[in-house]
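Open the model in your viewer and keep the selection panel handy.

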Amino acid sequence: MPKKELETANRPDNTAFTQQRLPAWQPILSAGIVIPGFVLIGLAFIGIGVALFLTSRNITVLEMDYTGVETTSDCYKCSAGTLPNCVCNLYFTLNETFPGTVYFYYGLSNYFQSYRKFGASRDDNQLSGDTYYFTSPLAVCTPYQYDVNNNPIVPCGISANSMFNDTFNLYQLVNGSKTVPLDGRGIAWWSDYNIKFRNPTSDPLRNAFNGTVKPPFWSKPVFELDLTDKSNNGFLNQDFLVWMRRAALPNFRKLYRRITGPDYASGLPPGNYTIEIAYNYPVMSFNGRKKVVLSNVSWMGGKNDFLGVAYLVVGSLCIVMSMVMLIVYAKFKFPDDV
Amino acid sequence: IERYEKVYTTNAIKTSKYNVFTFLPLNLFEQFQRIANAYFLILLLLQLIPAISSLSWFTTVVPLVLVLSVTAAKDATDDIVSINMLQSERWMNVQVGDIIKLENNQFVTGFLLLMFSRLLSSPHPLLSFSSPPSFLYSSTPPLRETNLKVKQALTVTGDMGDNIQKLAAFNGEVRCEPPNNRLDRFTGTLNNAGQKYSLDNNRILLRGCTLRNTDWCFGLVLFGGPETKLMKNCGKTTFKRTSVDRLMNVLVLCIFGFLAVMCTILAIGNRIWEQRWGSDFTAFLPREDGVNASFSAFLTFWSYIIILNTVVPISLYVSMEVIRLGNSFYIDWDRNMYHAHSDTPAEARTTTLNEELGQIKYIFSDKTGTLTQNIMTFNKCSINGKSYGDVIDYNGQRLEINENTETVDWSFNPLADQRFSFHDHSLVEAVKLESPEVHTFFRLLSLCHTVMAEEKREGELLYQAQSPDEGALVTAARNFGFVFRSRTPESVTVVEMGKQRCYDLLAILDFNNVRKRMSVIVRSPEGKLCLYCKGADTIIYERLHQSCSKLMDITTEHLNEYAGEGLRTLALACKDLDEKYFKEWQQRHHVASTALEDREQKLDLLYEEIEKDLMLLGATAIEDKLQDGVPQTIEQLSQADIKIWVLTGDKQETAENIGYSCNMLREEMNDIFIVSANNTDDVRQELRNALNAIKPGAEVFTPVTSLGSKVKVIKDEEVDGEFGLVINGHSLAYALDGSMELLFLRVACLCKTVICCRVTPLQKAQVVELVKKYKQAVTLAIGDGANDVSMIKAAHIGVGISGQEGMQAVLSSDYSFAQFRYLERLLLVHGRWSYLRMCKFLSYFFYKNFTFTFVHLWYAFFCGFSAQTVYDEWFITLYNLVYTALPVLGMSLFDQDVNDMWSFQHPKLYVPGQLNQYFSKTAFFKCALHSVYSSVVLFFIPYAAMYDTVRSDGKDIADYQSFALLTQTCLVFTVCIQLGLDMSYWTAVNQLFVWGSLTMYFAVTFAMYSNGMYLAAPASFPFIGTARNSLNQPNVWLTILLTSILCVLPVVAYRFLLIQLRPTINNKAAPLPPKRRAKIRRSSTRRSGYAFSHAQGYGDLVTSTRFLRRPAIVPSSGFTLLGRTTGFSPMGRSAGYSPTGHAQNNRPRDVEATSLQMYSTAQTLGL
């Protein structure tokens, strides 16, 4: 019937969508959901909190400041920064075994790697081995883009220039001193080592750096960072990679070495130890602190009591809250029904 | 007639803004005029300065380009739509001074139409036998309660007829008043050949009228386009913005201020940091040349402006437009607002005002065509003490009449109008039984009127009545076998029960507002002299013969019954006249009608004399049909605390009557005040009396709270009892005066119902403006005709009733639909949802952006206030556009807190919108506080959890990139869960959007941190590997869980407790049992208005010999019945006029001025 069709030509479609009748789930904050929900979350959080807290408690951490602020410290002599190649020692004693694989960190405080310009002042193209940027680094690298003679600096920028250059050796003091072997491989992220940072393809490596100069604070150019191990040299030097992974906060620690030697694979035995520090990195000027940290790890990473405690607190609050809500609900529900 | 060389406005109205070439530059220019867009352009420029660029350029460019292109696309579509709306171009070319030809009965729908034209000449009609030369009717469409308006050309031009050569050669000069908006007045002169002819209102046609009763006419265009009286009456078109928009503007300014404060604080922080730490740290972090701590702080300020720009989210405005568009589509698509009868769906003509529909506090409604259908139907009658019209079953019970009730079969009468329906068979029986009273009754109806019949083909009768009431009565008589066939000045031809009879028409004693009756004196073919009279019952009753007293009592009962049903009644009476007496009377009548002095009075006296000792025949009851569901809708809306004011051009009685039948005025009301004074002091006094009656001892000075220096707001006051206010146009003119408007408004607001009658279009707008000015409330105006245009434009929301052919109101409206009752759904369902959705959207949108942004604030303390972002730049770019855009859009398009049935059952659910409860400055502040809390959690939980910690293989995880990833993941989860909490209606689409966005986040994150992306562009994707290295750590996930839960749980607890402790109307509504809609019954015993047009009749015209020159077509058999009740094409409308200017007010009080037409649209013209 064409006439009929014509008459209703403008009738809107009768679909659930156009008529706003789409089937829907309509959750309501009812007492039956909210109160048990809080109890369940509370219980779950307390459980997680206990597990986290106990795990964190079982992690051993040994943290030692070696900035040399106190005159009693062996490193006091170096802290002024006047002595070249200053070496100082840091002694410590373990009364019981430091269990598990021990990780050796250095820590800096009041050090603003998180400052915008600090992070921005680097050239990722350069660091990925693109030689074009060896000759003309990005402008963000200023003031470490070119040196006074207008030679391009590689690696350029504040980040690279400020690389931490203290070195540490660990000795166990048993009948004289016994070197504890420190493993410097595999301390950086796999993706940094394998993808993000690439050396330019040239052999020998130094050829690629012709016409460039090292960052002014560095004692040796980047291609001489580790002449003993080709795979740890240049931009692939793991200490460099660790440094270049910029810290989020002004107090941070960075992995220096892992203690994996055969005698120490399951931990550091009790005894006296000394760390021999080549004290190069000046922090006194900006009131910074340097420290070494020995730590083992667990499934939840390094020691951090906060997460466990936070879970416990939040879990308990949930339980308390659920009770409050139950009381309020009970009190106000019934007059409503009348 | 010479065309003046002077520049006149042409008839063209330009509506499109762009063309293909100017689109891009013009549109961009326009867009950048918006503060938000300009702001982002400035941001972009800031980012190009390396020293302060804290973000890459793409973080701003990508959103900006997206936003600009979406907006540009929308503008382009709008423009194309408006180009398409331009219609026939020939109207644009009409110019002042042109002579145009107009044709009968045709109208052109479209807004481009005509001008203000004056007809100088009209030809002899070709076909229409009833039309005189030099006479025109401008229309009264059948759907309007309006009068035909008689227009007459000057003799000097009229005599030229359709001789085009003569017309073209005619040389004259018209001098007239400048363009104005007064519809009832025109003064001018025509100079021709040294002679001066005066031009008045009767010689002009207004734009928008329809030509009737003549086949064509010629006219001279006097004014065109915007200068026409119609357009002058339309009021200004203002760009409408919603209150949410205005609030947003304030909030955005606040946010700018807040942004400046934050950045200043951070700059100061930077200054301190640079001085205390930075200057020591220069060994590793050297400063650039010339940068000291202070300058660094200055740069930091700008850097933070860039970083924190997300507090003013660029996508906000675009999202709002999308949401409004979506919600507008729902209105277009709603089948419950589709009127099948006229095949008209509802239409959201403006897509930017939706949420305001959920905040309406005042509705201003037109009456005719809006509340009523403007269809008069002959419903009941009382003849000789017997009431007809009800359907009674065998038990004597009165049955309710509905669509299925059996109607009377008119097959016995070949001339019947098949559209007329009547349900009581007994009346037909009575007619067939030739009951003399019944026959006299209908004979009266077929004789006593001023209707004109047009019979283009035999049997196809078209009645052209001065008012729909008259048309209805004559049509009723026609169907009951007393067919008014034709008239000449001296006779009326009626087909009585199949026999044609010709009555000599000896006199018409015409209607006016004082007489409230009309009579005819006729001589039957048998030679019997008879006076037939119909009029208001009270008037007729005074003139009845004593012998009728018993019949009077019964008829009064019936009349009261009819009145109780809201019907308009007329009493009918007749009287046989003595030949001798009449001759003598006729003599005196002739003298009186040619008297130069006091003609009116003398005639009145004569009429008074002859119209006495009448014999009562009975009464008619005519229904001014309300549109379906009007009383229920009004009841629902007032339940929702919406106040409804009726603004109508109709007579006070008509308006009151409708007030009663719509249940707006009720018998139980404590008092109904009627203000109809004619000078300032009286009006003031009447208003004061009303105020005192409502609130005894109320202070005369209106309580006003000042907002700022200029804006005054009248507070709502509590009233005991219900009151009604009826005010007419004269009084309104005074009441709207500056000195009295506050008093008037206060009284009006204290009343439950306000009816303003006999108001001009402009006054309608003034009333709306008044409420807008002093009440902080959202107003809606609804109407269907051109006289509602000004009010529709003035109100916050204008609604046009569509489906009938009148287009002017619809074209100026923001929303249109076919029936008044759809207003309920538009407001209570669509409006409520739109408002709710918009508010939820805004709250959530601000929450998510503030939370996002504030995290930077906390990080500033750990990065030396260096404008270091917490997040990856890509995340900043995509956060608003990709990761969080769709879920919130989904919520804003689909959310329903309660379904439509609940909204109807609990109209109170509408109230929070009127009180701005869902989104206000307070709500905004709360939402900002919530964001502060969330941002604190979002920053410090990851901070503490990651502090000095490492991965489970001892490697770095507290690095910047991992921290950024952790924080942004926490953020995405938090805002998603928060959205889930806010959303009360999870459709599949919402599920898809929420889960899709989360999936998208991880997919995009892993993709951007992948090897491939890095190798392609190392400098752009420095976060390589972060996702892999970080998101495989259990403590990272535990941190995400803790952070998200900690952000959301307090909100859950707060909301739960709030529901328990302070349940809102929503929470309360749910447990209530659904209440059944009570059927509204009227129990009024008030006498309704009488069924007349309330305007001076044109009996003179009917009897003028000049007018009716042609004899009637001799009827013969073989009729084809296609006739309609009245023969007008449904177009245009009427509006009573009452003056706004004081000069007008000294009109004679006793006679109402003839009501004038505002014509809604078109005329046809053939050039």
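Two strands pair if DSSP finds at least two bridges between them. Strands (E, at least two residues) and helices (H or I, at least four) are DSSP runs, numbered from the N terminus. This is a predicted model, where local features need pLDDT of at least 70, side-chain atom pairs count only at pLDDT 80 or more, and totals for chains, interfaces and linings use all residues. Residues are numbered from 1 along each chain as its sequence is written, chains are lettered from A and ligands numbered from 1 in the order in which they are written, and side-chain values use heavy atoms, leaving out hydrogens and water.

Start by selecting residues 102-109 of chain A, which are strand 5. Seven bridges join strand 5 to strand 8 of chain A, and the two run antiparallel. Now click A:Tyr103: its bridge partner in strand 8 of chain A is A:Arg258.

Finally, select all of chain A, which has 10 helices and 11 strands. Its radius of gyration (over C-alpha atoms) is 30 Å, well over the 20 Å that the globule rule gives for 338 residues, so chain A is more spread out than a compact globule. That rule is 2.2 Å times the number of residues to the power 0.38. Along its principal axes, the C-alpha trace of chain A spans about 95 × 65 × 40 Å.
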